[in-house]
Amino acid sequence: MAMTMQGEVALPADRATVWAALNDPEVLKAAIPGCQELEKISDTEFQAVAKVSVGPVKATFKGGVNLTDLDPPNGYTISGEGQGGVAGWAKGGAKVRLEDMEGGTKLIYDVEANVGGKIAQLGGRLINGVAKKYADEFFANFAKILSPAESAA
């Protein structure tokens with residue numbers, strides 16, 4: 001089952017800082033909801049383990065994440081694929097662009113994802129709702145990590 005999502009978020013940091021954070025496994029691990037492990041394999045490849053809950057289905061997904069179309073510090077394409085055992089699988093990607101704005105950086109994203117297996121049987125409305133919740137949570141966590149008050153602490 002396929003889904004798409006677009007959006008943008010204002011971040012309280014300059015573009016170079018946001019770019020560095022988007023490539024820092026510790027920052028990403030802290031920002032990704034349910035992320036238990038995120039290991040940098042190379043400059044463009046990560047291995048990840050995340051616990052995900054979609055309605056009644058809870059699963060631990062293990063998979064890889066790749067960065068392509070790198071255009072520092074303007075953006076990249078991030079894509080990944082994970083297996084969640086009997087719960088199913090997920091794969092997808094996002095084009096991420098950074099633009100300067102007053103007071104910080106605007107991050108613009110365009111996501112495409114597919115899920116299969118038991119999770120896909122839950123229905124599009126539930127899956128889209130959960131995907132949006134996870135995306136919103138990621139960007140809220142990411143913005144909090146980048147906020148000056150957090151950096152000073």
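Biologist: How many salt bridges does the structure hold?
Modeller: Five. Keep in mind that this is a predicted model.

Biologist: What lets side chains pair like that?
Modeller: Side chains of opposite charge can pair when their charged atoms come close.

Biologist: OK, which residue forms a salt bridge with K106?
Modeller: E8 does. The closest N and O atoms of the pair are 3.9 Å apart.

Biologist: Is E8 buried or exposed?
Modeller: E8 is exposed, at 52% relative accessible area. The cut-off for exposed is over 50%. K106 counts as partly exposed, with 23% relative accessibility.

Biologist: Which side chain does D43 meet in a salt bridge?
Modeller: That of K40, at 3.9 Å from N to O. D43 is exposed, with a relative accessibility of 61%. K40 is partly exposed, at 38%.

Biologist: What about R97?
Modeller: The side chain of R97 meets that of E99 in a salt bridge, 3.8 Å from N to O. R97 is partly exposed at 46% relative accessibility. E99 is partly exposed too, at 30%.

Biologist: Let's zoom out. What does the secondary structure come to?
Modeller: Four helices and seven strands. Along the sequence the pattern reads β-α-α-β-β-β-β-β-β-α-α.

Biologist: In what order do the strands sit in the sheet?
Modeller: The order is β1-β7-β6-β5-β4-β3-β2. The sheet is open, and its pairing is antiparallel.

Biologist: Which strands are at the edges?
Modeller: β1, residues 2–11, and β2, residues 35–42. Each of them pairs on one side only.

Biologist: What does the twist average?
Modeller: 20° from one strand to the next.

Biologist: How many bridges are there between β6 and β7?
Modeller: 13. β6 covers residues 89–101 and β7 covers residues 104–116, and they pair in the antiparallel sense. Within that pairing, A90 stands opposite V115 in β7.

Biologist: Which strands does helix α1 touch?
Modeller: Helix α1, residues 15–22, packs on the sheet and touches β1, β4, β5, β6 and β7. Its direction makes about 165° with that of β6.

Biologist: And helix α3?
Modeller: Helix α3, residues 124–146, packs on the sheet as well. It touches β1, β3 and β7. Its direction makes about 20° with that of β1.

Biologist: What span should α3 have?
Modeller: 33 Å, for 23 residues at 1.5 Å a residue. The end C-alpha atoms of α3 are 33 Å apart, which agrees.

Biologist: Which α3 residues are buried?
Modeller: I127, V130, A131, Y134, A135, F138, F139, F142, A143 and L146.

Biologist: Why would residues three or four places apart in a helix point the same way?
Modeller: An α-helix has 3.6 residues a turn, so residues three or four places apart point the same way.

Biologist: Back to β2. What joins β2 to β3?
Modeller: A hairpin, through two residues. The strands run antiparallel and are joined by six bridges. S42 stands opposite E45 in β3.

Biologist: New topic. Where does N23 lie?
Modeller: In the loop between α1 and α2.

Biologist: Is N23 buried or exposed?
Modeller: Buried, at 15% relative accessibility. The cut-off for buried is under 20%.

Biologist: What is N23 in contact with?
Modeller: K40, F46, L67 and Y76, leaving aside neighbours within four places in sequence.

Biologist: What radius of gyration does the protein have?
Modeller: 15 Å. A compact globule of 153 residues would have one near 15 Å, so the two agree. The C-alpha trace spans about 45 × 30 × 30 Å along its principal axes.

Biologist: What share of the residues counts as buried?
Modeller: 40% of the 153 residues.

Biologist: Last one. What share of contacts comes from residues 24 or more positions apart?
Modeller: 51% of the contacts with a separation of 6 or more.

How values were computed. Residues numbered from 1 in each chain as written. Predicted model: local features only at pLDDT ≥ 70, side-chain atom pairs only at ≥ 80, totals over all residues. Heavy atoms only, no water. Pairing = 2+ DSSP bridges. Axes fitted to C-alpha atoms, helices over the stretch in contact; angles between N-to-C directions. Contact = heavy atoms within 4.5 Å. Salt bridge = Lys/Arg side-chain N within 4 Å of Asp/Glu carboxyl O. Buried < 20%, exposed > 50% of the residue type's maximum accessible area, 1.4 Å probe, protein only. Expected span 1.5 Å × (residues − 1). Rg over C-alpha atoms; globule rule 2.2 N^0.38 Å.
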